[in-house]
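Please consider the model shown below. The paragraphs that follow lead from aromatic ring pairs to a strand sheet and then to individual residues.

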Amino acid sequence: MANEEDDPVVQEIDVYLAKSLAEKLYLFQYPVRPASMTYDDIPHLSAKIKPKQQKVELEMAIDTLNPNYCRSKGEQIALNVDGACADDSSTYSSKLMDKQTFCSSQSTSNTARYAAALYRQGELHLTPLHGILQLRPSFSYLDKADAKHREREAANEAGDSSQDEAEEDVKQITVRFSRPESEQARQRRVQSYEFLQKKHAEEPWVHLHYYGLRDSRSEHERQYLLCQGSSGVENTELVKSPRDKPVAPSNVLSMAQLRTLPLADQIKILMKNVKVMPFANLMSLLGPSIDSVAVLRGIQKVAMLVQGNWVVKSDILYPKDSSSPHSGVPAEVLCRGRDFVMWKFTQSRWVVRKEVAAVTKLCTEDVKDFLEHMAVVRINKGWEFILPYDGEFIKKHPDVVQRQHMLWTGIQAKLEKVYNLVKETLPKKPDGQSGPAGLLSGDQRVQVAKSKAQQNHALLERELQRRKEQMRVSEVLPGVRIKEEPMSEEGEEEEERDAEEDEEPMDTSLGGGLHSRLANGLPSGRAAGGDSFNGHPPPGCASTPVARELRAFVEATFQRQFVLTLSELKRLFNLHLASLPPGHTLFSGISDRMLQDTVLAAGCKQILVPFPPQTAASPDEQKVFALWESGDMSDQHRQVLLEIFSKNYRVRRNMIQSRLTQECGEDLSKQEVDKVLKDCCVSYGGMWYLKGTVQS
């Protein structure tokens, strides 16, 4: 007792169990190196794994310019391994031992007691380890050198006399037939060391991508070390309450287990799993002895009222510090997008996916997840709310409806501020029509669209006359340039495919599909134009706050990454938007066209990488941009490298090194070549690709 009083508890830390990487997380134990050097500083040339055996091989570069490196010994080892003639199959293409292979072995077979811990904002997040691998240097190159030596000895002994050869030709041959193998003999053979080694050797290697500590992909993956629901009941497995109080697990419970929990936890678990439910169904699941007033009080904490039904709140599905499994977008942005979808369903029974994506700027997979939670797709109509309108609940509980209406009014004001929404007046329903007021059927939406099109016809006619007048002015004044938006057949076909896939009505908004109307590049003379998008001047005009903010983001991003596909740039931009406060100027709407213009205006160039004909890369993944001049000593080397990849999809290292030496007119050191490759490329299967272009 005295010792406990002398050692008081100074802080209590909540512990959470993260499961996102539970079956994928390995601990690599590298050989000890000086404290001043980390393995992330050493270029990883390639990596591969045999998943069944949990065997990994890493190929890492050796600093041949280090004063402790013996160059003569390195040349001798390369000569012994590859011989005098070096080709593409050589282990050391530079005729110098400039890399080293590390092979793994399991340090322990029982990893159930080990976990990786991450301390963040007063919380400790634990992820179970799937394996612990010790990496040791591999000396397989010595086996290859021995094989070369034996080949040379065999060649020297090949000068035997023809008599000896004749004697060998008449050597007696004994033919034996193997007897049938018994079951016991087969089992012994299968359990033998030789058989197991043969099976291990037959398992194919799976090549891996290596991303360094400061790479954006690594930062994204590290987010999965945080528990995706640190505030929910799904993390209570680590909590031991007194008297064996039942604990809510992360998945579906039996009804008997569920009813042993507190009422609030029962409601939360049911709504989190079902997502949309009428109040009557909820009461039937909870049991007849439960007070409906207590249920009404509890349901309003975890769900919102939509068309008389209860839909689980977004922050229950996307807790704080979690992110999208599709795009990596933070939970705050996901909650905002899902709240927009829920709010749209409070206005109508129908929602168009493209309209949601255009407003929220979220990827297709995230938007579909939102809609699948609460709606079903209908051919040529869009997404319809999954449950019928519950008028009985509306009439029975007007006080709850009024309170929910006030909450939705506040959410609507917040959404209008974030997304710059324009308030639209919905057409009034004629008297006597069945159904709730303010809800429109698919046919009514079509009629509304037709009436709006007729109203805008006169405006379009005036716009056409204005453009014709500008064309006449341009003929008289050659110095005036009139900009026309090109529209390729490829863009139209892409929109048609998207519409057929989702079985939704075609989106006819001005912003829809604009990014797909340029095929792998921008038209010439773009910079001279003065066009705008959605009221914003082109990004070349630095006088607008939007253009300045976007230009600053693009320049800072390419100073760190050097090479990015349009798909990866958009992902980074979405992450950047998620970190900005609501109402920021960049939330006003940035099109893909505007983003590409800003990239080109920031000193970057588009690299027309010749992708294979059967590539699985999307159009955005095939648009590759690179920083042409960064102001450092490696600009010329990077430019030569980018020109190589404008003609080749993948290249071997020796070709890159010889081309750099030829173009730059100097004998480049290995470190200089490694730096350029690390800035712009990734290695996969012994070949080098521009970042973002490799297709595994």
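Phe340 and Tyr419 are both buried, a term that denotes under 20% relative accessible area, with exposed denoting over 50% and partly exposed the range in between (1.4 Å probe, protein chains only). The model is predicted, so local features need pLDDT of at least 70 and side-chain atom pairs count only at pLDDT 80 or more, while totals for chains, interfaces and linings use all residues. Residues are numbered from 1 along each chain as its sequence is written, and side-chain values use heavy atoms, with hydrogens and water left out.

The structure contains 9 aromatic pairs; rings of Phe, Tyr and Trp (its six-membered ring) pair if their centres lie within 6.5 Å, and planes under 30 degrees apart count as stacked, over 60 as edge-to-face and the rest as tilted. One of these pairs joins Tyr318 and Phe370 edge-to-face, at 6.1 Å centre to centre and 80° between the planes. Because Tyr318 lies in the loop between helix H12 (314-317) and helix H13 (331-347) and Phe370 lies in helix H15 (residues 364-374), this pair ties together parts 52 residues apart in sequence. Helices (H or I, at least four residues) and strands (E, at least two) are DSSP runs numbered from the N terminus. Tyr318 is buried at 13% relative accessibility, and Phe370 is buried at 0%.

The rings of Phe340 and Tyr419 have centres 5.8 Å apart and planes at 75°, so this pair is also edge-to-face. It links distant parts of the chain, with Phe340 in helix H13 and Tyr419 in helix H17 (residues 398-419), 79 residues apart. Elsewhere, ring pairs link Phe279, Trp310 and Phe393 into a cluster.

An open antiparallel sheet is formed by 3 strands in the order S13-S15-S14. Its edge strands, each pairing on one side only, are S13 (350-351) and S14 (375-378). Strands count as paired if DSSP finds at least two bridges between them; S14 and S15 (residues 382-385) are joined by 4 bridges. Ala375 stands opposite Phe385 in S15.

Lys670, found in helix H26 (residues 670-680), is buried, with a relative accessible area of 10%. Leaving aside residues up to four places away in sequence, Lys670 touches Ala61, Ile62, Thr64, Asp98 and Arg653, where contact means heavy atoms within 4.5 Å. Ile173, by comparison, lies in the loop between helix H4 (162-169) and helix H5 (183-190) and is exposed, with a relative accessible area of 72%.
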